[in-house]
Amino acid sequence: MTERIHCFGCGVAIQTENKEELGYAPASSLQKETVICQRCFRLKHYNEVQDVSLTDDDFLKILNEIGRSDSLIVKIVDIFDFNGSWLPGLHRFTGKNKVLLIGNKVDLLPKSVNKQKVINWMKKEAKDLGLRPADVFLVSAQKGQSIKEVLEAIESHREGKDVYVVGCTNVGKSTFINSVLKEVSGEENVITTSHFPGTTLDIIEIPLADGKALVDTPGIINHHQMAHFVDKRDLKVITPKKEIKSKVFQLNEGQTLFFGGLARFDFTSGDRNSFVCYFSNELDIHRTKTENADALYEKHAGEMLTPPKRDEMAHFPKLVKHDFTIREAKTDIVFSGLGWITVNEPNIKVSVHVPQGVHAMIRKSLI
């Protein structure tokens with residue numbers, strides 16, 4: 001039987017028959033030393049993405065496989081979207097395996113942030129979510145920041161075992177692995193990366209010096225992240241690419257903030273308060289009176305309040321209201337996959353409106 005060829009970019013099995021199906025590559029490309037499928041080629045060269053059909057069952061199979069293995073698990077989360085990029089229930093799949101927790105995209109946080117405090121915060125959040133990692137690191141895979149340190153930790157914790165890298169779509173998992181490969185071998189951009197969810201389609205094995213492997217798994221889809229509700233064009237606006245500049249709003253009760261047309265925040269009751277907003281620098285924030293907010297959204301969503309754009313409004317889910325009472329100082333109100341607002345003073349009531357299916361929650365302040 002001939003050995004299957006797998007795409008070097010996303011791990012999918014290569015086929016040359018059907019252009020419409022997953023893993024298609026022209027027969028002529030099979031002669032090359034590294035073969036990539038047409039989807040990866042288009043993504044790499046034209047930044048075009050084709051939708052793919054991996055189901056939640058596919059991901060469960062992969063997680064079960066990891067649970068049965070004897071390995072080290074490296075779990076990557078996006079520090080800008082910690083809760084949205086958390087894999088719920090991962091602790092049930094880890095078996096007896098050790099887990100290293102890596103917070104990626106640390107370069108997006110304001111420079112003034114104390115990194116050790118963020119690490120302590122991550123440890124506490126992880127524990128509350130049922131996971132006790134062997135160690136926690138902050139990296140910027142994009143900039144190669146702290147990759148060396150993580151590599152040393154992987155080497156000491158893996159004890160001669162395989163390493164599985166897991167994470168949600170969009171956390172920068174493939175970028176992380178590319179940074180690791182660059183550090184080790186000097187090779188750049190081996191795996192296809194993009195800001196589109198679900199780029200890695202199948203398991204990609206990278207051999208390690210002792211005959212074991214570093215395994216990149218497909219990004220698992222968290223359906224409650226904002227990325228799954230916006231058009232591909234709008235992902236560029238909501239996905240931060242450089243250090244976030246926080247914006248501070250002094251609000252009285254009865255005032256509202258719109259984050260484009262994607263989400264809304266109402267200050268429903270309490271004394272005048274300052275709200276610190278951490279969102280992509282590209283996203284427009286619009287202030288209005290709560291009493292005018294419904295009419296404003298009705299009239300201007302898709303135009304003044306954008307993204308989404310006018311032509312996307314027909315498919316965009318309606319905004320659903322969530323009420324919160326903030327009892328403690330320094331609390332974050334989180335919009336999954338979009339950003340968060342830090343409230344400094346307690347004893348206030350707020351409402352958050354997010355697209356149906358997107359999570360909103362409160363947590364102890366990250367910054």
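User: Is Asp-128 buried or exposed?
Analyst: This is a predicted model, where local features need pLDDT of at least 70 and side-chain atom pairs count only at pLDDT 80 or more, while totals for chains, interfaces and linings use all residues. Residues are numbered from 1 along each chain as its sequence is written, and side-chain values use heavy atoms, with hydrogens and water left out. Buried means under 20% relative accessible area, exposed means over 50%, and partly exposed is in between (1.4 Å probe, protein chains only). Asp-128 has a relative accessibility of 53%, so it counts as exposed.

User: Which residue does Asp-128 meet in a salt bridge?
Analyst: A salt bridge here is a side-chain nitrogen of Lys or Arg within 4 Å of a carboxyl oxygen of Asp or Glu. For Asp-128 the N to O distance is 2.7 Å. The two partners are 4 residues apart in helix α4, so about one helical turn separates them. The partner, partly exposed at 46% relative accessible area, is Lys-124.

User: What counts as a helix or a strand in those labels?
Analyst: Both are DSSP runs, numbered from the N terminus. A strand is a run of E with at least two residues, and a helix is a run of H or I with at least four residues.

User: How many salt bridges does a search of the whole structure find?
Analyst: Some of them form a network, linking Asp-231, Arg-233, Asp-311 and Glu-312. Over the whole structure, the search finds 18.

User: How many residues apart in sequence are the parts tied together by Glu-159 and Lys-98?
Analyst: The closest N and O atoms of this salt bridge are 3.8 Å apart. Glu-159 sits in the loop between α5 (147-158) and β4 (162-167), and Lys-98 in the loop between α3 (90-93) and β2 (99-104), so the parts they tie together are 61 residues apart.

User: What about Glu-243 and Lys-111: how many residues apart in sequence are the parts they tie together?
Analyst: Their side chains meet in a salt bridge at 2.8 Å, N to O. Glu-243 is in the loop between α7 (232-238) and β7 (247-251), while Lys-111 is in the loop between β2 and α4 (115-128), so the parts joined by this pair are 132 residues apart.

User: Why do the buried residues of α8 line one face of the helix?
Analyst: The buried residues of α8 (residues 290-300) are Ala-293, Leu-296 and Tyr-297. Looking down the helix axis, and taking the directions from the axis to the C-beta atoms, they line one face because they fall within an arc of 100°.

User: Which strands do the buried residues of α8 pack against?
Analyst: The face turned away from the buried side carries the exposed residues Glu-291, Asp-294, Ala-295, Glu-298 and Lys-299. On the buried side, with contact meaning heavy atoms within 4.5 Å, the packing partners are β8 (255-259), β9 (263-269), β11 (285-289) and β12 (319-326).

User: How much space lies in the largest cavity?
Analyst: On a 1 Å grid over the protein atoms alone, a cavity is a set of points where a 1.4 Å probe fits but cannot get out, and lining residues have an atom within 4 Å of a point. Grid points are joined across faces, edges and corners, and the volume is the space filled by probe spheres set on the points. The search finds 1 cavity of 30 Å³ or more. The space in the largest cavity is about 170 Å³.

User: Which of its lining residues are closest to the centre of the largest cavity?
Analyst: There are 15 residues in the lining. The closest to the centre are Asp-78, Asp-81, Asn-170, Thr-239 and Gly-337.

Conventions
1 Å grid on protein atoms, 1.4 Å probe; cavity = no way out; pocket = protein on both sides within 12 Å on 5 of 7 lines; lining within 4 Å.
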